[in-house]
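Work through each one, then compare your steps with the solution.

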Amino acid sequence: MNKTVICPGSFDPVTLGHLDIIKRAATMFDRVIVGVLVNSSKTPCFSIEERIEFLKEVTKDMENVEVVSFAGLLAEYCRQRNVDAIVKGLRAVSDFEYEFQMAITNKKLNPHLETIFLMADSDSMYLSSSMVKEVASMGGDISNFVPQCICSRIEKRIAKLQNKED
Ligand code: PNS
């Protein structure tokens, strides 16, 4: 059966952990939509356009992956596009309560929508976009945390923001 899933997130910016989950989803399902969405509890550092550009670049060789962005509810978008399931990475236990809450809420809003959790790869267990931004903002090396092809652009962008704040 043809199965479409969505990997939603803020991706501010995309990390190697996100990319690992997208790649694994792309081998398991027919079609993967990567949704760059608004998380109302976070203030992003990168614009939606920048985040989409990074994601398009790092997924360009994956034929069944599409990158989109939309405003509004994830559960509603999934209904409109006949998405079968949400795929998310689960890192340390600390992620669990937040992810569980979102999964239950999305299921209440759209009872056909399942949430599937993939265990984060051991290298990405403690990797997050916030950590990448913090390390980069202090001049640290982020090359082990983000895809190689966008690493210098992320570093430059964060350095520019730092200079503005100084
Ligand atoms: O990477 P994040 O910030 O943990 O991802 C959270 C995200 C963007 C997937 C979540 O905030 C979301 O789904 N936002 C879209 C609006 C929505 O549907 N909110 C209700 C979520 S239960």
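**Exercise 1.** Is Phe46 buried or exposed?

*Solution.* Start with the cut-offs: buried means under 20% relative accessible area, exposed over 50%, and partly exposed in between, using a 1.4 Å probe and protein chains only. Phe46 has a relative accessible area of 2%, so Phe46 is buried. Phe54, at 4% relative accessibility, counts as buried too.

This is a predicted model, where local features need pLDDT of at least 70, side-chain atom pairs count only at pLDDT 80 or more, and totals for chains, interfaces and linings use all residues. Residues are numbered from 1 along each chain as its sequence is written, and side-chain values use heavy atoms, leaving out hydrogens and water.

**Exercise 2.** Classify the ring pair of Phe46 and Phe54, then that of Phe70 and Tyr77.

*Solution.* Rings of Phe, Tyr and Trp (its six-membered ring) pair if their centres lie within 6.5 Å; planes under 30 degrees apart count as stacked, over 60 as edge-to-face and the rest as tilted. The structure holds three aromatic pairs. In Phe46 and Phe54 the centres are 5.7 Å apart and the planes at 70°, so this pair is edge-to-face. Phe70 and Tyr77 are 3.8 Å apart, centre to centre, with 5° between the planes: a stacked pair. Both Phe70 and Tyr77 are buried.

**Exercise 3.** Which atoms lie 2.4 Å, 2.8 Å and 2.9 Å from an oxygen atom of the ligand?

*Solution.* At 2.4 Å we find a side-chain N or O atom of Ser10. Next, at 2.8 Å, comes a polar side-chain atom of Asn39. Finally, at 2.9 Å, there is a backbone N or O atom of Leu74.

Note on methods:
Polar contact = N/O pair within 3.5 Å; in protein donor to acceptor, adjacent residues only side chain to side chain.
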